[in-house]
Amino acid sequence: MTDISGEHSHQHTHEQSDDPAPHRTMERHCDVAVIGGSAAGLAAALQLARQRRSVIVVDDETPRNAPAAHMHGYLGHDGVAPSHLVSLAREEVRSYGGEVLTGRVLEVSRRDDGRFLLHLTGGHTLVARRVLTATGLVDELPAIDGLAEQWGHGVVHCPFCHGFEVRDRRLVQIITHPLGLHPTPVFRHLSDRLTVVLHDPSGLDETALATVAASGVSIERSEVSRVVAGPDGRVSGVELVGGRTIEADAVVIGARFHARAGVLAGVGLTTTEHPTGAGDVLEVDARGETAVPGIYAAGNVTDPSLQVLPAAAHGSQVGAMIAFDLANDDQRAAARPSGEETDWDHRYSGPEQAWSGNPNGTLAQEVVGLTPTRALDVGAGEGADALWLAEQGWQVSATDISGRALERVRAEAEKRGVVVKLVHSDANDLAPFGVDRFDLVSLQYGSFKRTPEQRGLRNLLDAVAPGGTLLVVHHDLTPLGEPLDVATQTRMFDPLSFVGVEEIAAALRADPATWDVETHDVRPRPPGAASTHHVDDVVLRARRLT
């Protein structure tokens, strides 16, 4: 495609970031939209991406376990930081072309065609065939001074998440609801210095309480006024109403919980009280589907007891069920639709031309001195570069994943009286460019989805004839490292899901017997670009030796 500066690509990865004024909103399409990017959501996304489904995860980066420094009980990852697991999981999802967007979903509604519309911060929208909610829970802590500040550190709630770390320590368990005594036997086993404080004994089973007392656990019937921290900032005690302090090295408390499901109110979904009475959850069937067909849920939003490992397992299972659901729909329709193609076709569905129609200035500069022979324009979009090359005497083949984009190239070529061979394909197809090899292969502001075996990258390199030139021009992505306020904005592309210029450069340098990298630098866009602020480009040019 050609953007407002004259550049093109069928996978333009950050249209929203390179020209912030005027503000533009975007609608994207995918097979599955996943709300929430922690263990359950990312596990489901991985399953779906491996099934060749276009999946977009929207994550506002507010996980339930954010206060915790370490994660325990996850086989193979015990003791690692939760953020480390998320980082690894995101990389795995992206390696199959799944996208993880930083942003926030505000509301979900159903369109007349049966698909779902997700309203995002920044005014953007996602259209999806299926929706998976993996938003987790919000823990509601009692109003006790000092409790929130120590949450996830000196104040713990789960014996399986943190119990080993507080073994043999002085533990004070604060009971605030009837479910509070549930983990007491396990904490009693972990430490023989456990005191139970009945801050709110309403609804407690007195028989169960008597059993706790008979086992040797000290019980205090008093409200708690505050959690005390020592000079080092660590928990040192629990102060009761009246001023008496019980010394403690850690505090145990069972928080109430609420499912983060408010975004689903627009489709009529509400939460249900959990059987324990300690909070609410989103009900699902055995396949993870809610009462609204097509909307699924996984992880803590459906079950507060799930640690990270079973939450991920649940997400993986539900992701598989969604894959079956979509596949059955497609089989009944005798179709094999591509979610990626649907997304890009939508981009070219309007009556107006999407981009400027100007050829990229860097391409014009870099082909000076080359003899016009066979050229391949990968991700041609509306064809500005392909048409310009044809007018310079090149024999041009133009490829794009979008059939609608290629129709625009065809119409413009006929109007100008030039010949451009059109190839409807994606770089990740088998033999997407046919058996021919080309003296110039051009990839302008384009990136195709990643795969673990780098199929698209190999296809791109294999298309260059011996002695031929590979020219890759890409936006400098450095500005994308700036923080984003998810309350007001969503970043609508995930460049790490696409094969970028640095990955291509690394492949070239790994094979010096085949490739001579002539240029790999960052430079300003050529004069005349229509951007409203300065934007740098990364230019990679290499010659194939053999």
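Predicted model: local features only at pLDDT ≥ 70, side-chain atom pairs only at ≥ 80, totals over all residues.
1. The crossing in which H1 passes H7 is right-handed.

2. On the H1 side, the residues that meet H7 are Ala 39, Ala 40, Ala 43, Ala 44, Gln 47 and Leu 48, while H7 brings Val 308, Ala 311, Ala 312, Gly 315, Ser 316, Gly 319, Ala 320, Ile 322 and Ala 323 to the contact. Sorted by class, the contact of H1 with H7 holds 11 nonpolar and four polar residues, with no charged residues.

3. The second largest pocket, with a volume of about 890 Å³, is lined by 33 residues, of which Arg 52, Arg 53, Ser 338, Glu 340 and Asp 426 are the closest to its centre. Helix H1 (39-50) and helix H7 (308-332) each supply at least two residues of this lining, as does helix H8 (339-347). By class, the lining of the second largest pocket comprises 13 charged, 12 polar and eight nonpolar residues.

4. A separate point concerns Phe 448, which is placed in the loop between strand E23 (438-444) and helix H12 (455-462). Is Phe 448 buried or exposed? Its relative accessible area is 0%, and because buried means under 20%, Phe 448 counts as buried. The C-alpha atom of Phe 448 is separated by 6.5 Å from that of Ala 427, although the two residues are 21 residues apart along the chain.

Note on methods: Residues numbered from 1 in each chain as written. Heavy atoms only, no water. 1 Å grid on protein atoms, 1.4 Å probe; cavity = no way out; pocket = protein on both sides within 12 Å on 5 of 7 lines; lining within 4 Å. Points joined across faces, edges and corners; volume = space filled by probe spheres on them. Helix = DSSP H or I, 4+ residues; strand = E, 2+ residues; numbered from the N terminus. Nonpolar A, V, L, I, M, F, W, Y, C, P; charged D, E, K, R; others polar. Left-handed = near helix turned anticlockwise from the far one by under 90°. Contact = heavy atoms within 4.5 Å. Buried < 20%, exposed > 50% of the residue type's maximum accessible area, 1.4 Å probe, protein only.
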